Amino acid sequence: TILETMDEHTGNAEVQLQACSALGNLAIRKHRARINADTQGKIVAAGGLKRIMAAMDAHYGNADVALQACLALCKLAGHHTDNQGKIMAAGGLERIMTAMDIHTGNADVQMQACGALYSLAHDNTDNQEKIVAAGGLKRITVLMGTHKGKADLTLACAALSLLALRNADNQGKIMAGGGLERIMEAMDTHKGDLAVQWTACNALSALALDNTENQGKIIAAGGLK
């Protein structure tokens, strides 16, 4: 089985990344479609989360393992409150942050890490606060500057949107950390990418909601034109 294979070949990065990929794909019904809540719970209950954490620890310097592990965490956490809590309790957030710090030059790892943060933060105020406290906002804005030419900044914009929504403190932190400038850069750089434009507009909406000061700053920065 997948989990037995992960246990037997803990030192083999290729086995671990393919196993993480398999676990992630088991958690969704169709590619880029709905998650499978029943399977999500079964994977974690069977020890899948524990093995993903172990793979991230054993192969923290391997970008491919980091990418597949973050993607698996994204799928396991998606719209699943219980799994969100278990991932956080198991140290998943810290490992995602570590992956972002070690693989700063790898755009794919950075974007999948944003995807994992998005899934952990979705409809979960407690996790949103923990992500911000752990430095998640800073990492997201930094990667958006470093990889501004990367088309799939959609995940970064989406993560900022969730963290800002109806949270005045986070709205201020995102603005102070250069988040507005990064969002505007993404829109300017990827004018023809509808996904980037949509998620960027969503992030601006979240920053502006019930925040007169931010509304003025967004307009002054050219967000209205």
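Modeller: First a term: helices (H or I, at least four residues) and strands (E, at least two) are DSSP runs, numbered from the N terminus. This is a predicted model, in which local features need pLDDT of at least 70, side-chain atom pairs count only at pLDDT 80 or more, and totals for chains, interfaces and linings use all residues. Residues are numbered from 1 along each chain as its sequence is written, and side-chain values use heavy atoms, with hydrogens and water left out.

Colleague: Fine. How far apart in helix H3 are Asp-38 and Lys-42?

Modeller: Asp-38 and Lys-42 are four residues apart, so about one helical turn separates them. An α-helix has 3.6 residues a turn, so residues three or four places apart point the same way. Asp-38 and Lys-42 form a salt bridge, with the closest N and O atoms 3.1 Å apart. The term means a side-chain nitrogen of Lys or Arg within 4 Å of a carboxyl oxygen of Asp or Glu.

Colleague: Is Lys-42 buried or exposed?

Modeller: Lys-42 is exposed, at a relative accessible area of 54%, while Asp-38 is partly exposed at 48%. Buried means under 20% relative accessible area, exposed over 50%, partly exposed in between (1.4 Å probe, protein chains only).

Colleague: How many salt bridges are there in the whole structure?

Modeller: The search finds eleven. One of them joins the side chains of Arg-95 and Asp-57, at 2.8 Å from N to O. That pair links distant parts of the chain, with Arg-95 in helix H7 (residues 92-102) and Asp-57 in helix H4, 38 residues apart. Arg-95 is partly exposed at 22% relative accessibility, and Asp-57 is partly exposed at 40%.

Colleague: And what does Asp-101 pair with?

Modeller: Asp-101 meets Arg-139 in a salt bridge of 2.9 Å, N to O. Asp-101 is in helix H7 and Arg-139 in helix H10 (residues 136-146), so this pair ties together parts 38 residues apart in sequence.

Colleague: Switching to H2. How many residues does it have?

Modeller: H2 (residues 13-26) has 14 residues and reaches 20 Å from first C-alpha to last, close to the 20 Å expected. The expected span is 1.5 Å times one less than the number of residues. Its buried residues include Leu-17, Cys-20 and Leu-23.

Colleague: What covers them?

Modeller: The cover includes helix H1 (2-8), helix H3 (37-45), helix H4 (48-58) and helix H5 (63-77), where contact means heavy atoms within 4.5 Å.

Colleague: Which residues have the most contacts inside the largest nonpolar core?

Modeller: They are Ile-52, Leu-73, Ile-96, Ile-140, Met-144 and Ile-183, in a core of 70 residues. Its largest share, eleven residues, comes from H5. A nonpolar core is a set of buried Ala, Val, Leu, Ile, Met, Phe, Trp, Tyr and Cys residues joined through side-chain atoms within 4.5 Å.
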